[in-house]
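Dear colleague,

Please find below the structure for your records. A summary of the findings follows it.

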Amino acid sequence: MIQFLHRKQIDIKKYDTCISESIQSRVFAFSWYLDIVSPKWGILVQDDYKAVMPLSGRRKYGLSYIKQPSFCSQLGLFSTVKLDNELVNNFLSAIPDKFRFINMQLNTFNKANHPKFNIKE
């Protein structure tokens, strides 16, 4: 099961361990970095932090949306297990409906073909 957690609910040690042990690891995804560039970030998490997707949530004019933070070229799904299109699509499907607009750059290991999203390589 994939669930959404706000920043204050995240187990930072488990989260950062997942990022550092994933083949997709990027400095942009570590908690300390996201705390600087996107203080209101949250995550989608599965299987006790075996797979995580940081989300840079924002709010403007009463609408919640996801926007790629400045100085953060790639986020997306990070996993300690092998990634496939299905897992990436499952995470994209789990993005809460409260986010009305989504603009994010997935890392180079994330391949997806989700019908709900316009995905470009």
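Arg-7 counts as partly exposed, at 24% relative accessibility. Please note that this is a predicted model.

Salt bridges

Two salt bridges are found when the whole structure is searched. In one of them, the side chain of Arg-7 meets that of Asp-35, with an N to O distance of 2.7 Å. Asp-35 belongs to helix 2 (residues 31–37), whereas Arg-7 sits in the loop between strand 1 and helix 1 (12–21), so the pair ties together parts that are 28 residues apart in sequence. Asp-35, with a relative accessible area of 30%, is partly exposed.

Lys-14 forms a salt bridge with Asp-48, and their closest N and O atoms are 2.8 Å apart. This pair likewise links distant parts of the chain: Lys-14 is in helix 1 and Asp-48 in the loop between strand 2 (42–46) and strand 3 (51–55), 34 residues apart. Lys-14 is partly exposed at 35% relative accessibility, while Asp-48 is exposed, with a relative accessible area of 54%.

The second largest pocket

The volume of the second largest pocket is about 220 Å³. It is lined by 14 residues, of which His-6, Lys-40, Gly-57, Lys-98 and Phe-99 are the closest to its centre. At least two lining residues come from each of strand 1 (2–6) and strand 4 (57–60); strand 4 gives the most, with three residues. Sorted by class, the lining has six charged, four polar and four nonpolar residues.

Yours sincerely

Conventions:
Residues numbered from 1 in each chain as written. Predicted model: local features only at pLDDT ≥ 70, side-chain atom pairs only at ≥ 80, totals over all residues. Heavy atoms only, no water. 1 Å grid on protein atoms, 1.4 Å probe; cavity = no way out; pocket = protein on both sides within 12 Å on 5 of 7 lines; lining within 4 Å. Points joined across faces, edges and corners; volume = space filled by probe spheres on them. Helix = DSSP H or I, 4+ residues; strand = E, 2+ residues; numbered from the N terminus. Nonpolar A, V, L, I, M, F, W, Y, C, P; charged D, E, K, R; others polar. Salt bridge = Lys/Arg side-chain N within 4 Å of Asp/Glu carboxyl O. Buried < 20%, exposed > 50% of the residue type's maximum accessible area, 1.4 Å probe, protein only.
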